Amino acid sequence: MSELSKRVLAGICLAPPIVGILYFFPPKWFLLFMATVSACALIELVRMTGGKEKYFLALLALVAFIPLYRQSYVAYGLWLLFSPALYLFAVSLRRRGEKEKINAEIMTAINTLIIGQLFIVLPLFYFGLLKGLNTFFPLILLLAIWASDTGAYVAGKNFGKRPLAPLISPKKTVEGLFGAMVGSMLILSLSSRLLGFGIFEAIGMGAVIGVLGQTGDIFESIWKRVSNVKDSSSLIPGHGGILDRIDSFIFTAPLFYHYLSGLKI
């Protein structure tokens with residue numbers, strides 16, 4: 001079976017349960033589901049970056065979801081600051097006598113810990129918060145991202161000539177970026193009444209989501225290039241891992257939430 005066939009089949013199988021969770025889960029249960037997705041993505045991240053104490057590192061990063069869930073943002077900031085110190089203290093006790101490369105390993109681990117808390121846990125928490133604003137908002141953003149990815153693929157494959165980020169993600173093109181913008185603009189335009197947007201506002205926000213979704217994709221590509229892997233894992237046939245599926249939410253979910261809650265609700 002070709003990769004494209006695997007991708008389509010996996011999408012058909014996964015779409016109904018994902019849409020069901022997005023629609024039927026109440027806000028608090030939806031946030032807990034996002035915590036579970038965060039845990040899976042964090043495990044993929046620490047496996048990609050290598051080193052020791054992988055699961056301890058993933059656990060430390062996941063704990064950041066607790067103050068966010070309780071909406072204690074000061075506690076989240078303090079945990080962001082002190083969790084690397086806790087990791088350093090624990091490693092110092094456990095790995096006495098190991099001198100070779102330990103400083104480089106600790107630095108990589110702390111970078112991974114901060115990246116996980118800022119660019120995995122926080123965006124997925126924001127995605128979960130959308131459910132509290134309106135039952136349909138997470139589904140609208142998900143559809144906008146899917147349409148954006150599809151638009152980027154179709155436009156890039158058929159018209160792509162000018163590279164967008166050749167040193168980081170050689171297959172991405174400027175034409176693909178425009179396809180991504182068109183895809184998300186289409187979904188937000190169709191959902192403008194639910195979002196309370198005018199048509200031009202929906203088109204503008206769709207364009208921004210298209211750009212930021214591709215930015216998140218490129219951002220994750222840097223992690224994969226550094227780790228020398230093609231996908232974050234092989235969990236989803238044809239799609240890669242959880243991290244590969246959520247990278248477009250890194251910047252879009254926080255922006256979408258704050259725009260909807262700050263200016264419209």
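Trainee: Where is Q71 found?

Mentor: Q71 is found in the loop between helix 4 (65-69) and helix 5. Helices here are DSSP runs of H or I with at least four residues, numbered from the N terminus. This is a predicted model, where local features need pLDDT of at least 70 and side-chain atom pairs count only at pLDDT 80 or more, while totals for chains, interfaces and linings use all residues. Residues are numbered from 1 along each chain as its sequence is written, and side-chain values use heavy atoms, with hydrogens and water left out.

Trainee: What is phi of Q71 near?

Mentor: Phi of Q71 is near 55°, a positive value in a residue other than glycine.

Trainee: Is Q71 buried, partly exposed or exposed?

Mentor: Q71 counts as partly exposed, at 48% relative accessibility. Buried means under 20% relative accessible area, exposed means over 50%, and partly exposed lies in between, with a 1.4 Å probe and protein chains only.

Trainee: Which residue takes a positive phi just after helix 10?

Mentor: That is N228, with a phi of about 60°. N228 is not a glycine either. N228 is in the loop between helix 10 and helix 11 (242-246). At 70% relative accessibility, N228 is exposed.

Trainee: New topic. How many aromatic pairs does a search of the whole structure find?

Mentor: The search finds 16. Rings of Phe, Tyr and Trp (its six-membered ring) pair if their centres lie within 6.5 Å; planes under 30 degrees apart are stacked, over 60 edge-to-face, and the rest tilted.

Trainee: Why is the pair of Y73 and F125 edge-to-face?

Mentor: Their planes are at 65°, so the pair is edge-to-face. The ring centres are 6.5 Å apart.

Trainee: Where do those two lie in the chain?

Mentor: Y73 is in helix 5 (residues 73-94) and F125 is in helix 6 (residues 102-133). They are 52 residues apart, and the pair links distant parts of the chain. Y73 is partly exposed, with a relative accessible area of 44%. F125 is buried, at 1%.

Trainee: And F219 with W223, how far apart are the ring centres?

Mentor: The centres are 5.4 Å apart. The planes are at 65°, so this pair is edge-to-face. Both residues lie in helix 10 (residues 199-227), four residues apart, about one turn of the helix. F219 is partly exposed at 23%, whereas W223 is buried at 9%.

Trainee: Which residues form one aromatic cluster?

Mentor: F25, F30, F33, F127 and F249 do.

Trainee: What sits over the ring of F30?

Mentor: The charged end of K131 does, 6.0 Å from the ring centre. For this, NZ of Lys or CZ of Arg must be within 6 Å of the ring centre and within 35 degrees of the ring normal.

Trainee: Pockets next. Which residues line the second largest pocket?

Mentor: L45, T49, T108, N111, T112, I115, I222, W223, V226 and S227 line that pocket. A pocket is found on a 1 Å grid over the protein atoms alone, as an open set of points where a 1.4 Å probe fits, with protein on both sides within 12 Å along at least five of seven lines; lining residues have an atom within 4 Å of a point.

Trainee: Which helices each supply at least two residues of the lining?

Mentor: Helix 2 (27-49), helix 6 and helix 10 do.

Trainee: How does the lining split by class?

Mentor: The lining has five nonpolar, five polar and no charged residues. Ala, Val, Leu, Ile, Met, Phe, Trp, Tyr, Cys and Pro count as nonpolar, Asp, Glu, Lys and Arg as charged, and the others, Gly among them, as polar.

Trainee: Back to helix 10. What should its 29 residues span?

Mentor: They should span 42 Å at 1.5 Å a residue, and the end C-alpha atoms are 42 Å apart, which agrees. The expected span is 1.5 Å times one less than the number of residues.

Trainee: And helix 8, how many residues?

Mentor: Helix 8 (residues 174-190) has 17 residues. Helix 8 reaches 25 Å from first C-alpha to last, close to the 24 Å expected. Its buried residues include L177, M181 and I187. G179 lies in helix 8 too, and is buried at 10%.

Trainee: How far apart in space are G179 and G210?

Mentor: They are 8.4 Å apart, C-alpha to C-alpha, and 31 residues apart in sequence.
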